[in-house]
Amino acid sequence: MRALLKFDEEQTSQPITAQVILEQALPINILRADVKPAGGEILVEIPQDRFDEVVKAFQKRGVTVIVEKRLAIDGDKCIHCGACYSLCPVSVIRFEEDYTVTFDEDKCVACGLCIDACPTHALELL
Ligand code: SF4
Ligand code: SF4
């Protein structure tokens, strides 16, 4: 599961992420980081079975944690109609040469624009 960690100016001067990784004895996958002396954000992927504990460990240190939703595609329901294709602002959705529609879920920013456009309800944000 993904979470966006928001650090204020004081927190960026402390090794909070390293402390939580050591305390929890858990490798946390950092997907994106934008940290400056005045504050910053880190997008992390945390294993689902340890998610609550890890979130609490960051919150205990004053970090604001926003749970990020992920795009889920039901391949059995997708009919490759392309109704979702032009709506995506970050080019997650592609038309392949064989006219099938594919998704690069890692680029998804969970805006939700494609969800209601799908006639077969193949898309969800979980
Ligand atoms: S939720 Fe938004 S960013 Fe993600 S695939 Fe759909 S349109 Fe693109
Ligand atoms: S709108 Fe739905 S059915 Fe059509 S290509 Fe997108 S996910 Fe597949």
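Q: In what order do the elements of the protein chain run from the N terminus on?
A: In this predicted model, the protein chain holds four helices and eight strands. Read from the N terminus on, these elements of the protein chain follow the order β-α-α-β-β-α-β-β-β-β-α-β.

Q: Is the protein chain more spread out than a compact globule, or less?
A: The C-alpha atoms of the protein chain fill a box of roughly 50 × 30 × 25 Å along the principal axes. For 126 residues the globule rule gives 14 Å, whereas the radius of gyration of the protein chain is 18 Å, which is well over that value. The protein chain is therefore, in comparison with a compact globule, more spread out.

Q: What percentage of the residues in the protein chain is buried?
A: A residue counts as buried if 20 or more other C-beta atoms lie within 10 Å of its own. Among the 126 residues of the protein chain, the share that is buried comes to 16%.

Q: What share of the contacts in the protein chain with a separation of 6 or more comes from residues 24 or more positions apart?
A: The contacts considered here are those in the protein chain with a separation of 6 or more.

Q: Which residues come nearest to ligand 1?
A: The shell around ligand 1 has twelve nonpolar residues, one polar residue and no charged residues. Of the 13 residues around ligand 1, the ones that come nearest are Cys88, Val92, Cys108, Cys111 and Cys114.

Q: How many polar residues does the shell around ligand 2 have?
A: There are 13 residues around ligand 2, and Cys78, Cys81, Ala83, Cys84 and Cys118 come nearest. When the shell around ligand 2 is sorted by class, ten residues are nonpolar and none is charged, while the number of polar residues is three.

Q: Why does His80 count as partly exposed?
A: His80 lies in the loop between strand S5 (71-73) and strand S6 (93-95), and its phi is positive, near 60 degrees, although His80 is a residue other than glycine. A residue is buried with 20 or more other C-beta atoms within 10 Å and exposed with 12 or fewer, and anything in between is partly exposed. His80 counts as partly exposed because its number of C-beta neighbours inside 10 Å is 14.

Q: Is Ser91 buried or exposed?
A: Ser91 lies in the loop between S5 and S6, and it has a positive phi of about 55 degrees without being a glycine. Most residues other than glycine have a negative phi. Because 9 other C-beta atoms lie within 10 Å, Ser91 is exposed.

Key. Residues numbered from 1 in each chain as written. Chains lettered and ligands numbered in written order. Predicted model: local features only at pLDDT ≥ 70, side-chain atom pairs only at ≥ 80, totals over all residues. Near = placed C-beta within 6 Å. Nonpolar A, V, L, I, M, F, W, Y, C, P; charged D, E, K, R; others polar. Helix = DSSP H or I, 4+ residues; strand = E, 2+ residues; numbered from the N terminus. Rg over C-alpha atoms; globule rule 2.2 N^0.38 Å. Contact = placed C-beta atoms within 7 Å.
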